[in-house]
Amino acid sequence: MIKVKNLTKIYKTPIRKTNLLADIFFRQYKEKTALDNISFEINTNELIGFIGPNGAGKTTTMKILSGILYPTFGEINVLGYFPFDKKPEFLKKISFISGQKNQLFWELPVTESFKLTKEIYQVNDSDYKKSLSNLIDLFNVNKLLKQPVKTLSLGQRMKMELINALLYNPQILFLDEPTIGLDIFSQSAIINFIKKYQKNFKSTIILTSHYLQDVKKLAQRIILINQGKIIYDGSLKKLTDKHSNKKIIKIILDCEIPKNFLEKINQQKISYKNNPPLLEIIIEKNKLSFLIKEVINKLSFQDLTIEDEPIEEIIKNFINNQSKN
Amino acid sequence: MKKLIKIFFLLTKTSIQSMLTHQIGVITFLLGKILRFIFYFSFLFFLLEKTKFLAGYNFNQAIIFFLTFNLIDIISQMVFREVYRFRQQVISGSLDYYLTKPYPIFLKILFGGFDVLDLITLIPVLILTAYFVFQIPNLLLINIFLFFFLFINGLLISTGFHILVLSSAVLTSEVDHSIMIFRDLSRMGAISMDIYKEPLRSILTFVIPIGIMITYPAKALLNLLNLQSIFISFLISFFFLFFSLKLWNLALKKYQSVGN
């Protein structure tokens, strides 16, 4: 469905000098490689998460795949088309949504934008009514249809953006940070919606998000990009299983920490944070049984939980290690 | 084609609906346009009352040039109003969305903001033009036809200018100043090009084809244009439009979009 080979994108930005005349007549440019010779393939009905730090090249990749940007080098084939050619047959099969941008008519009720989408994508009346009613039900936004877009909250607007983008059942959905800035309720509604939509319509979804929990809930496969290069392509679970060797133990204490317990963990060079009554210990997996024994034998506590290392931390460490290599 | 016309009408409808949410803006905009027209018209009237001739043209002839300029200027603004909003669309990232829509991009960014207020100001100018045209002595039907074709030709040049402004906005995020330069240059055609000395006259006629865009249709109406000039004017507008479309395609390839 999507084949990308040796894709490179170089941005040129002017170098500002102190001399105004030189700036105007002898402007020089510096080049920034946003994507550096990347290759990957995406199959039908996959839900892929593009993750990486700011400026890694995630959005650039999506914009090239959807035909917005022209690649500097490389071969790109999306549904049999070169995206930048912007063939209407191709554009009718894709949808691009960005959580930070608005494509609805700002001053008007959202139904006006829906009507325009219907005409642009030539959706017939019965399909339009069916799609619209399904999507409205999924998001439960019936009451908001007559409100001008500018009066909607960010979460409500994002739901409408999604409805507008899905009215014509696109085969490929590009979602750029769809949950950015949303509260936990809207975030969860959108994540559940994307999940259901992909299951029901068998579409291919390419998602970028800084909220790794979103990616974890949705994506079967992730492509991790850093400094324009793909540093990991595979399952998120495999990555976290392989690269997480720490556990976090949280203990709500009944009493002060005995000295002999502290001596023991200091000897083992185990790091901890003591904010009475909470004691938080970050420990390597191989020392877990040792520590549990010590806790049970020496501490009096109300509650104890063992958690995985946060996914953000694992990815951060992985990226840092890759950068060092 | 039917689909494109339908989309155009929907875009126009939404543009009018959006505009009507700003009523005070609508009133001041209309007032400004009417006052500017009246002031310039009065200026020409009082000037020619004293001088009798302007670059060899009498009052009625000078007014034909002025009205032709107004017709092209108003129609251009009416049809290409969206160009004036293009900078915001580039810097807000809305252009990214338009580039993913399955219709010709110009339908949105060039023609997508049809301005009904200009239509209101167009009607009196059309009536005035008809009045002064029928004052022309020995007016021939062929002159009216030639005026019509050269007028369309002028609008094609105006289209080319607006595409150049869009291209410059994609490359530099700059619209406001380039559109003002275009407006100022075209305003130089409010009176006949004959008022300017060489080489400025040739530059304004053939290089920056303001003369062909505005003065030539009026000259055709006054039976002052030879066949050679008519042929050259069509040729120049073709190349000008071709050049602006080439630049637009280049600008799209260089487009960097806005980051998150």
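A:Phe90 is buried, its relative accessible area being 0%; buried here stands for under 20% relative accessible area, exposed for over 50% and partly exposed for what lies between, with a 1.4 Å probe and protein chains only. The model is predicted, so local features need pLDDT of at least 70 and side-chain atom pairs pLDDT 80 or more, while totals for chains, interfaces and linings use all residues. Residues are numbered from 1 along each chain as its sequence is written, chains are lettered from A and ligands numbered from 1 in the order in which they are written, and side-chain values use heavy atoms, without hydrogens and water.

Over all chains, the structure holds 32 aromatic pairs, counted where ring centres of Phe, Tyr or Trp (its six-membered ring) lie within 6.5 Å, with planes under 30 degrees apart called stacked, over 60 edge-to-face and the rest tilted. A:Phe90 forms one with A:Tyr81, a tilted pair at 5.6 Å centre to centre and 45° between the planes. The pair of A:Tyr121 and A:Tyr168 is stacked, because the ring centres are 3.5 Å apart and the planes stand at 5°. This pair links distant parts of the chain, 47 residues apart: A:Tyr121 belongs to the loop between α4 (110–120) and α5 (125–139) of chain A, and A:Tyr168 to the loop between α6 (154–166) and β6 (172–176) of chain A. Helices (H or I, at least four residues) and strands (E, at least two) are DSSP runs numbered from the N terminus. Both A:Tyr121 and A:Tyr168 are buried.

Next comes the sheet. Three strands of chain A make an open sheet in the order β2-β1-β4, with antiparallel pairing; strands pair if DSSP finds at least two bridges between them. β2 (28–42) and β4 (73–78) of chain A are at the edges with a single partner strand each, so one side of each has no neighbour in the sheet. Strand β1 (residues 2–15) of chain A is joined to β2(A) by 11 bridges, and A:Ile2 stands opposite A:Ile42 in β2(A).
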